[in-house]
Amino acid sequence: MWVYYVSIILAIISNVFYYFIQKSIPHNANPLLSLAVTYLTAMITCLVVLPFYPNNEGMLDSFKRLNWTSVFLGVAIVGLEMGFLLAFRAGWNISTAGVLANVIVAMILIPVGITVFKEHLKPVNILGIILCIVGLVLVSRK
C-alpha cells in the first residue's frame, strides 16, 4: 500500500520541480538543445537507477517486453516539454499554465478512461468534474 502513496507524492513533488525548472530555462537557450540535454540526463539517471529497481528477469527479457508505447510516450513527452517551454516563453504564468492544461487534459481523459479503460465515475467524481470546470473558467479569467 505504501507504493500507492509514495508514487503520487513523487509525481506531485516532481511536477512542482518540473514547472519551476521549465519556467527557469533561459529564454535565449535553444529549446530543442535544452530538451536534448534534459533527455540525455534522464537517460543517464534511468541507467544509474535501473539496477536498483526490482527485476526478476534478465535485461534482455525485460527489453523484449517493451512495445510501441515506449516510443510514442517519448514523442508525447517531447511535445509536452516543448509546449510548456514555449508557453512560458510566450508569457504564460507558472501559477495558471499548469492548472489550465492539466484540468483540460483531465476533461479529455474522462471519456477515454470510461470507453477505453472501462473506468467508472461516481456521483462525487462528477461533482468534482463540475467544480474543475468552474475552476478552469475562474483561473482563465484575466
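Ile129 counts as buried, because its relative accessibility is 18% and the cut-off for burial is under 20%. The model described here is predicted. Ile129 belongs to helix α6, which spans residues 123-140. Beyond residues up to four places away in sequence, Ile129 touches Met107, Ile110 and Leu121.

Glu81 sits in helix α4, residues 68-89. Glu81 is buried, yet it has no salt bridge. The nearest side chain of opposite charge is that of Arg89, 12 Å away. A salt bridge requires a nitrogen-to-oxygen distance within 4 Å, so Arg89 does not qualify as a partner of Glu81. Glu81 does have polar partners. Its side chain makes a polar contact with the side chain of Tyr39 at 3.4 Å. Another polar contact, at 3.1 Å, joins the side chains of Gln22 and Glu81. Neighbours within four places in sequence aside, Glu81 is in contact with Tyr18, Gln22, Leu35 and Tyr39.

Gln22 is part of helix α1. Its relative accessible area is 4%, and Gln22 is therefore buried. Gln22 touches Phe17, Glu81, Phe84, Leu85 and Phe88, with residues up to four places away in sequence not counted.

Val78 also lies in helix α4. This residue is partly exposed, because its relative accessible area is 32%. Val78 touches Leu35 and Tyr39, again not counting residues up to four places away in sequence. Leu35 and Tyr39 are also among the contacts of Glu81. Val78 and Gly113 are 35 residues apart in sequence, and their C-alpha atoms are 23 Å apart in space.

The surface carries a nonpolar patch. Its members are Met1, Tyr4, Tyr5, Ile8, Ile9, Ile12, Ile13, Val16, Phe17, Phe20, Ile21 and Ile94. Together they have about 1300 Å² of accessible area. Helix α1, residues 2-24, gives the most to the patch, with ten residues. Phe17, a patch member, is also touched by Gln22. Ile94 belongs to helix α5, which covers residues 94-115. Ile94 counts as partly exposed, because its relative accessibility is 38%. Patch membership requires over 30% relative accessible area, so Ile94 passes that cut-off.

Side chains of opposite charge can pair when their charged atoms come close. The structure holds one salt bridge. In this pair, the side chains of Glu57 and Arg65 meet at 2.8 Å, N to O. The distance falls within the 4 Å cut-off, so the pair counts as a salt bridge. Glu57 is partly exposed, with a relative accessible area of 25%. Arg65 is exposed, because its relative accessible area is 62%, and the cut-off for exposure is over 50%.

One backbone angle deserves mention. Lys118 has a phi near 60°, a positive value in a residue other than glycine. Most residues other than glycine have a negative phi. Lys118 is placed in the loop between α5 and α6. Its relative accessible area is 58%, so Lys118 is exposed.

Note on methods. Residues are numbered from 1 along each chain as its sequence is written. This is a predicted model: local features need pLDDT of at least 70, side-chain atom pairs count only at pLDDT 80 or more; totals for chains, interfaces and linings use all residues. Side-chain values use heavy atoms; hydrogens and water are left out. Helices (H or I, at least four residues) and strands (E, at least two) are DSSP runs, numbered from the N terminus. Buried means under 20% relative accessible area, exposed over 50%, partly exposed in between (1.4 Å probe, protein chains only). Lys and Arg count as positive and Asp and Glu as negative; His and the chain ends are not counted. A polar contact is a pair of N or O atoms within 3.5 Å; within protein, one must be able to donate a hydrogen and the other to accept it, and residues adjacent in sequence count only if both atoms are side-chain atoms. Contact means heavy atoms within 4.5 Å. Patches are made of residues with over 30% relative accessible area and no salt bridge: like charges are joined within 9 Å, nonpolar side chains (Val, Leu, Ile, Met, Phe, Trp, Tyr) within 5 Å. Accessible areas come from the Shrake-Rupley method with a 1.4 Å probe; for residues, only the protein chains shown count as cover.
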